Amino acid sequence: MHNKIVGKDEPFLFLGDLTEEEYENSPYYNDVVKRLIKKLNGQFYMIRGNNDTAKDDFYLNECGFVRVFSGHVETDKAIYSHIPCNVTGNKINIHGHIHGSKLYWNIQPKNHIDVYWKLWNRPIKISEAIELYNSGLYVGEYKQHPENGNGDVHE
């Protein structure tokens with residue numbers, strides 16, 4: 001599915017949780033991740049997710065990523081992050097982390113879109129994510145969480 005959408009040399013941004021923290025010390029698990037990534041088209045970039053605790057060396061040198069970011073990456077039109085973050089103006093936050101739930105704790109869902117692959121049944125291009133958001137097909141729900149004010153959206 002990935003290789004049908006992403007060209008051989010096309011940039012591809014993982015928005016975190018490529019790996020699972022609980023398995024990262026397993027040589028078998030790490031080998032599976034490396035073999036999978038090497039089968040996929042694209043030049044890979046990653047914003048670390050809350051489960052991506054391996055050292056940069058694993059992602060860069062063993063998996064072949066071009067760059068690994070911590071936190072978020074901001075451009076003129078968008079903010080890319082793992083965990084949804086506050087946005088201002090007309091920018092859109094393209095993120096992962098909420099696994100398609102569309103539920104935002106302590107952050108207004110306006111100008112946010114979750115690109116979790118199972119929500120769309122495939123990886124989507126940035127331009128398509130923006131079009132999907134603008135079309136109204138993606139609508140998030142705000143929920144106040146009394147114990148967690150940092151915008152983390154896991155229940």
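Trainee: Why is Arg 67 called partly exposed?

Mentor: Its relative accessible area is 46%. Buried means under 20% relative accessible area and exposed over 50%, with partly exposed in between (1.4 Å probe, protein chains only). Arg 67 at 46% is therefore partly exposed. This is a predicted model, in which local features need pLDDT of at least 70, side-chain atom pairs count only at pLDDT 80 or more, and totals for chains, interfaces and linings use all residues. Residues are numbered from 1 along each chain as its sequence is written, and side-chain values use heavy atoms, with hydrogens and water left out.

Trainee: Where is Arg 67 found, and what is it in contact with?

Mentor: Arg 67 belongs to strand E3, residues 67-69. Strands (E, at least two residues) and helices (H or I, at least four) are DSSP runs numbered from the N terminus. Contact means heavy atoms within 4.5 Å. Neighbours within four places in sequence aside, Arg 67 touches Phe 44, Tyr 45, Met 46 and Leu 60. The C-alpha atoms of Arg 67 and Leu 13 are separated by 9.6 Å, and these residues are 54 apart along the chain.

Trainee: Which side chains of strand E1 are buried?

Mentor: Phe 12 and Phe 14, which point to one face of E1 (residues 11-14). Phe 14 has 16% relative accessibility, under the 20% limit, and so counts as buried.

Trainee: What makes E1 and E2 a pair?

Mentor: Two strands pair if DSSP finds at least two bridges between them. Here 4 bridges join E1 to E2 (residues 43-47), and the strands run parallel. Gln 43 in E2 is the bridge partner of Pro 11.

Trainee: How many aromatic pairs does a search of the whole structure find?

Mentor: The search finds 8. Rings of Phe, Tyr and Trp (its six-membered ring) pair if their centres lie within 6.5 Å; planes under 30 degrees apart are stacked, over 60 edge-to-face, and the rest tilted. Phe 12 and Phe 14 are 4.9 Å apart centre to centre with 75° between the planes, hence edge-to-face.

Trainee: Why is the pair of Phe 14 and Phe 44 called tilted?

Mentor: The ring centres are 5.4 Å apart and the planes stand at 45°, so the pair is tilted. Phe 14 lies in E1 and Phe 44 in E2, so the pair ties together parts 30 residues apart in sequence. Phe 44 is buried, with a relative accessible area of 4%.
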